[in-house]
Amino acid sequence: MPSRRTFLSAAVLGAATLAAAPMRVHAQTTPGDVLPTRGTQRPVALPTNAAGGPRYRPTSRVGLGCAPIGNNWAVVTEADAEATIEAAWDGGMRLFDTSPWYGLGRSERRLGHVLGQKPRDEYVVSSKVGRLLSATRETPKVSWKDPPPFDYRYDYSAAGTRRSIEDSLQRMGLDAIDIVLIHDLSPDNADMGERWTEYFEQARTGAFVELSRMRDEGLIKAWGMGVNTPDPALRAIEVADPDIFLLACQYSLLDHQRALDDTFPKLAERDISVIVGSPLLAGFLAGRDRYLYGAQPVPPDAGEKRATAQRIVAAHGVDLRTVSLQFANAPDVVSAIVPGARNAAQVAENVASMSVAIPGDVWAELRAAGILAGNAPVPVAA
């Protein structure tokens, strides 16, 4: 577990990085902007999970989401990608979530370049299966900026799962992936649409079985799904024995009722934990006018709710990103949150957010304003 010395070293790094940052703003309006942390910070390490339990949970409760270093939304230089990962390490993060899909292999390569120089028993890597990459002279149109020359195809079979893991290990230069997640097998995936159920059946007889075997053989520590909607995860627990799910944009300050009432209780009954992906709603809670990765328009009431929440937290001297990250980390069923970052300054601020003492009145006022559900857990007041 990171020591107080580690925390203070990270604070120094963050201060130095921010001093050199070209922009300090009150909202992230363009990629790379930094939303300053407000509030009283305490010299504490990042939160961790207790050892033991019926299913594997990563020790670190705060990790780095590595989609941005795959050139999501904007190009990230090699130097910035390396600095981002190093800042996460220096700040005490020991969980790193990536995927072959992120930048068509670029995120995994960049992550492995840095982690390959760290003690292997000190960190956890989560990556994904479901898409196989192959070299091409005609790179398909994708959301990743400046993508490398690779095409992709879906494969949730047992053989495809094994190959995907082997390819990821080679890209990262690692000997093992700790958590393997079946990626984007969901109705919101525009490549699939209603056909997601056909792919799900392939996974049920292929990836689900193969990953359970690999876990039992000790080749991986845990497996589950990485999806943006709850239906695939809830279907999976009825036909297989997963350990952990990465649920992106499904538990946040502005959108959490269904997770609390339906998804979380069903997973908790089976001791399955949740990694909260995109706890800032793909940047919306940091000021970006983009919601759910831009897959749909911003809901009509979301902007008003965000503005209300911003007024409440600002009145108590804290910032919305900090409140949002600590909120997402509060439920017992949550084993980690993995906010993304594209530069060292953003990482330093995310780390700083976890040390802020948020006044209890913030949560009470957010609840009274209808931002928080009545049954939503909140951090213990400082």
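Q: Is helix H10 mostly covered or mostly open, and how many of its residues are buried?
A: H10, residues 320–328 of this predicted model, is mostly covered, with nine of its nine residues buried.

Q: Which residues are those?
A: They are Leu-320, Arg-321, Thr-322, Val-323, Ser-324, Leu-325, Gln-326, Phe-327 and Ala-328.

Q: What caps the N-terminal end of H10?
A: Asp-319 does. One of its side-chain oxygens lies 3.2 Å from the backbone nitrogen of Arg-321.

Q: OK, on to the sheet. What is the order of its strands?
A: The order is S1-S2-S3-S6-S7-S8-S9-S10. It is an open sheet of eight strands, with parallel pairing.

Q: Which strands stand at the edges, and why is one side of each left without a neighbour?
A: S1 (64–65) and S10 are the edge strands. Each has a single partner strand, so one side of each has no neighbour in the sheet.

Q: Which helix packs on the sheet, touching S6 and S7?
A: Helix H6, residues 207–216, does that. The direction of H6 makes about 145° with that of S7.

Q: Now S6 itself. How many of its residues are buried?
A: Five of its five residues, 179–183, are buried.

Q: Which residues are on which side?
A: Ile-179, Leu-181 and His-183 are on one side, and Val-180 and Ile-182 are on the other. Both faces of S6 are covered.

Q: How many bridges join S3 to S6?
A: Four, and the two strands run parallel. Within S6, Leu-181 is the bridge partner of Lys-128.

Q: And how many join S6 to S7?
A: Five bridges join S6 to S7 (residues 222–227), again with the strands running parallel. Ile-179 stands opposite Ala-222 in S7, and His-183 stands opposite Gly-226.

Key:
Residues are numbered from 1 along each chain as its sequence is written. This is a predicted model: local features need pLDDT of at least 70, side-chain atom pairs count only at pLDDT 80 or more; totals for chains, interfaces and linings use all residues. Side-chain values use heavy atoms; hydrogens and water are left out. Buried means under 20% relative accessible area, exposed over 50%, partly exposed in between (1.4 Å probe, protein chains only). Two strands pair if DSSP finds at least two bridges between them. A polar contact is a pair of N or O atoms within 3.5 Å; within protein, one must be able to donate a hydrogen and the other to accept it, and residues adjacent in sequence count only if both atoms are side-chain atoms. Contact means heavy atoms within 4.5 Å. Axes are lines fitted to C-alpha atoms, for helices over the stretch in contact, and angles run from 0 to 180 degrees between N-to-C directions.
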